[in-house]
Amino acid sequence: DLDSATAPLPSVSTSNIERRWSDITSYAPKKKVQSWFQLPNGNWELGKIISSSGTESVISFPEGKVLKVNSDSLIPANPDILDGVDDLMQLSYLNEPSVLYNLQYRYNQDMIYTKAGPVLVAVNPFKAVPLYGNDYIQAYKNKSIESPHVYAIADTAIREMSRDEVNQSIIISGESGAGKTETAKIAMQYLAALGGGSGIEYEILKTNPILEAFGNAKTLRNDNSSRFGKLIEIHFSETGKISGAKIQTFLLEKSRVVQCAEGERSYHIFYQLCAGAPSALKEKLNLKDVGEYNYLKQGNCYSISGVDDSEQFRIVKEALDVVHVSKEDQESVFAMLAAVLWLGNVSFTILDNENHVEAVADESLINVAKLIGCDIADLNLALSTRKMRVGNDNIVQKLTLSQAIVTRDALAKSIYACLFEWLVDQINKSLAVGKRRTGRSISILDIYGFESFDRNSFEQFCINYANERLQQHFNRHLFKLEQEEYIQDGIDWAKVDFDDNQDCLNLFEKKPLGLLSLLDEESTFPNGTDSSFANKLKQHLKSNPCFRGEREKAFTVSHFAGEVTYDTTGFLEKNRDLLHLDSIQLLSSCLCHLPRIFASNMLNQSEKLVVGPLHKAGGADSQKLSVATKFKGQLFQLMQRLESTTPHFIRCIKPNNLQSPGSYEQGLVLQQLRCCGVLEVVRISRSGFPTRMSHQKFARRYGFLLLENVASQDPLSVSVAILHQFNILPEMYQVGYTKLFFRTGQIGALEDTRNRT
Ligand code: ATP
Ligand code: MG
């Protein structure tokens, strides 16, 4: 049975997963000793085949149950000897139940990491597992442990960075709650341990509690959910020591500041501040209990089990000290947070029968004015009126109640988002790589995974677009480049099709008739609404195979990971993300320095980024790039940066939706494995030659190990002589025009000998 492990696998399209597996399994020998049988609940059960006649088989299950079933419904299982192999590539039968079983077998023994060819799969244990810390770090460094681990990935990245002199990236993906952020921290821990010495590594690790306090929140899916994407680029000097770092963040979920769903919280830092501020600070900021603030009240959830917000506050302050945010600045940061909380409590009174309002001059309004350093009257004006230019005249228009609320919330969101950006800037200044930019870098990407909920809005639209791009990067790297390289180098290798998601990307990016262009166009029209946007999509994109118009204001996109229906309600407003010029002017006139910095950043950004006639309408609104377009720009920049690195992929898997240890739901895991292409990768890697090296490099690297002189000194002859000396089997490598190609694991022996010599 083990022989089938090396049997060639058929070339099939990945677009039909069901067919793919039946094709692959049909290659298996007919003798099915152990088989998987799918129960009505969708789970697979392992049984032994007692007899088989024609189309029917009799199968017995562990508890003594015996069933007569259709033979075609059985899927071959691997022999016991392969239970829990640490690389899925070693499985003889590579079908879905076998992969699920293997991951579960390991998971039950706290072996949460498994390789899927070049990809590391990490199944969230939802409990402390004894796999981390200094002893483990040393063991991975010395290579005395070989089992798959984030440490092993980080170690490979460090080695390849210095060996190939190429920047590296560790790309972590997975659903919310799957463990991306924890995994990123574990990788950082390893890099810090190996590259430490200068002290900067300590600062780098301390950025985590800060960014989590300001950018994470409790959601229904994850008590510590990151509401932004993050790329941290860690720089190394020529001697392999960490010399600095740079953090880039993506698309913070601003709306959470002013609204969140039942059972969810706003950003951790608000609760930490209210719980942990010493009494002097509390007094200064006029801080009340969390339950007193409207913005925090809505979720009806104030604490997280097992988390002490006041202790967290202490940790965040300490971390801010470490990254050189002065005590003075820290106090200004807390004042901004308090201002946001008090803004949420500002209320309005109706002045006339046209619903025009002014803000109530109560303690909320007074506190906000005091905290940001402006006149109460100016604040009131900014919240209840709008200056407009009509012809050559400036007129002042009173706002209605709903307009005033939108204006107030927009100000709160902007202050918070600017504060977040400012903090990231401060951190980056502290971590800045000195002028001597010698070395190489390893980047770690922790970005939201594909999202598909009952109701999907603008945020999911952006997140899933980002995931399409990342998936293309993954595909390109693992499949396309691989194939192209084989072909270029004259290697005989069966072509493998893979799902190219270029069509879906075109649906988003095409100009002028793509989702993003049409969204921006509609956002510039003063009379554009979510329904006019939805109608425009239906009109222009109806023939696109990746697009489907839905009833009312909805549309469906066929993503690589499945179909998602988006409800366009709120799309235009979120994309425009307007802050009235009145609000910006208010901030720029404040006595406190942070609001002034925020205002000037906003104005700078508008000036720098304006490309089209966006938001001209309305006259006095700030002109700025739309959210979707800015995000697209960031994404392109990110992809460009990733393209120039050697990527290492980690796919995090969430085994249950309860955030609880020990429960492994097969259906949930399977859906995630399908989404991220893990199964496909294994199949392709196993049938390919993933390790490759140019003739020159190979000869240079291992030539000195040759025991006998080679007649000709050209790299190819030297290389072939090395291969012979080390008895590398012919089926394990191929010689291309410029490179040598190896199956997985073949270079190991050579490297070991080299390192011993
Ligand atoms: P989101 O997309 O919502 O930010 P995420 O993928 O970043 O989700 P994490 O916050 O990293 O998810 O993980 C969720 C929780 O799972 C953690 O708070 C922790 O309790 C647990 N967890 C994840 N990985 C591990 C691990 N390796 N060991 C122990 N617990 C873990
Ligand atoms: Mg996270």
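This is a predicted model: local features need pLDDT of at least 70, side-chain atom pairs count only at pLDDT 80 or more; totals for chains, interfaces and linings use all residues.
Thr181 is buried, at 15% relative accessibility. Ser226 is buried as well, with a relative accessible area of 18%.

**Arg651**

Strand S21 (residues 646–653) contains Arg651. This arginine is buried but has no salt bridge. The nearest side chain of opposite charge is that of Glu468, 11 Å away, whereas a salt bridge requires the charged atoms to lie within 4 Å. Arg651 does have polar contacts through its side chain: one of 2.3 Å with the side chain of Ser173, and one of 3.5 Å with the side chain of Gln471. Beyond its neighbours within four places in sequence, Arg651 is in contact with Ser173 and Gln471, with the run Val119, Leu120, Val121 and Ala122, and with Phe474, Cys676 and Val678.

**Cysteines**

The structure holds zero disulfides. A disulfide is a covalent bond between the sulfur atoms of two cysteines, and the cut-off applied to the sulfur pair is 2.5 Å.

| Cysteine | Closest cysteine sulfur | Sulfur–sulfur distance | Relative accessible area |
|---|---|---|---|
| Cys274 | Cys260 | 14 Å | 7% |
| Cys592 | Cys590 | 6.6 Å | 25% |

For Cys274, the sulfur of Cys260 is too far for a bond, because the two sulfurs are 14 Å apart. Cys274 is buried. Cys592 counts as partly exposed.

**Val720 and Val390**

Val720 is part of helix H26 (residues 715–725). With a relative accessible area of 28%, Val720 is partly exposed. How far apart are Val720 and Val390 in sequence and in space? The separation is 330 residues along the sequence and 81 Å from C-alpha to C-alpha.

Definitions and conventions
Residues are numbered from 1 along each chain as its sequence is written. Chains are lettered from A and ligands numbered from 1 in the order in which they are written. Side-chain values use heavy atoms; hydrogens and water are left out. Buried means under 20% relative accessible area, exposed over 50%, partly exposed in between (1.4 Å probe, protein chains only). Helices (H or I, at least four residues) and strands (E, at least two) are DSSP runs, numbered from the N terminus. Lys and Arg count as positive and Asp and Glu as negative; His and the chain ends are not counted. A polar contact is a pair of N or O atoms within 3.5 Å; within protein, one must be able to donate a hydrogen and the other to accept it, and residues adjacent in sequence count only if both atoms are side-chain atoms. Contact means heavy atoms within 4.5 Å.
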